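Here is a friendly briefing to read alongside the model. Please keep the sequence and the 3D view open as you go.

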Amino acid sequence: MAVSSPCIGICELDPQKQICTGCFRNPDEIGAWGSASDGQKKRILQNAETRRQQSDKN
């Protein structure tokens with residue numbers, strides 16, 4: 001089964017953190033998504049989830 005994009009349609013980069021406020025990916029991860037393997041996508045999702053959890057704590 002293919003790994004689904006975490007994009008939720010809120011495509012806005014935080015100017016200081018350079019992280020999308022919707023999906024919590026950085027610009028490199030967003031750009032690489034289309035050609036990334038499922039393994040790479042899973043790592044991107046893990047990184048994004050870590051960022052999301054850290055932002056919840058702030």
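Let's begin with one cysteine: Cys23 is buried, at 8% relative accessible area (buried means under 20% relative accessible area, exposed over 50%, and partly exposed in between, with a 1.4 Å probe and protein chains only). You are looking at a predicted model, in which local features need pLDDT of at least 70, side-chain atom pairs count only at pLDDT 80 or more, and totals for chains, interfaces and linings use all residues. Residues are numbered from 1 along each chain as its sequence is written, and side-chain values use heavy atoms, leaving out hydrogens and water.

**Cysteines**

- Across the whole structure, the search finds zero disulfides, a disulfide being a pair of cysteine sulfur atoms within 2.5 Å.
- Cys11 is in no disulfide, and its nearest cysteine sulfur, that of Cys7, is 4.0 Å away.

**Overall fold and shape**

- The protein chain has two helices and zero strands; these are DSSP runs numbered from the N terminus, with helices (H or I) of at least four residues and strands (E) of at least two.
- With a radius of gyration of 11 Å, close to the 10 Å that the globule rule gives for 58 residues, the protein chain is as compact as a globular protein of that length. The radius is taken over C-alpha atoms, and the rule is 2.2 Å times the number of residues to the power 0.38.
- Along the principal axes, the C-alpha atoms of the protein chain fill a box of roughly 35 × 20 × 15 Å.
- Of the contacts in the protein chain between residues at least 6 apart in sequence, 40% join residues at least 24 apart, where contact means heavy atoms within 4.5 Å.

**Surface and charge**

- Buried residues account for 28% of the 58 residues in the protein chain.
- The accessible surface of the protein chain is about 4,200 Å², and 49% of that belongs to carbon and sulfur atoms. These areas come from the Shrake-Rupley method with a 1.4 Å probe, and for residues only the protein chains shown count as cover.
- The protein chain has 8 positive and 7 negative charges, whose mean positions are 5 Å apart. Lys and Arg count as positive, Asp and Glu as negative, while His and the chain ends are not counted; each charge is placed at NZ of Lys, CZ of Arg, CG of Asp or CD of Glu.

- Gln18, found in the segment before H1, has a positive phi near 55° in a residue other than glycine.
- Gln18 is partly exposed, at 37% relative accessible area.
- Phe24 also sits in the segment before H1, and its phi is positive, about 65°, although it is not a glycine.
- Is Phe24 buried or exposed? Phe24 is buried, with a relative accessible area of 17%.

- Asp28 lies in helix H1, which covers residues 27–32, and counts as exposed at 64% relative accessibility.
- From C-alpha to C-alpha, Asp28 and Gln18 are 10.0 Å apart in space and ten residues apart in sequence.
- Glu12, in the segment before H1, touches Ile19, Cys20 and Thr21, leaving aside residues up to four places away in sequence.
- Glu12 and Ser37 are 25 residues apart along the chain, and their C-alpha atoms are separated by 25 Å.
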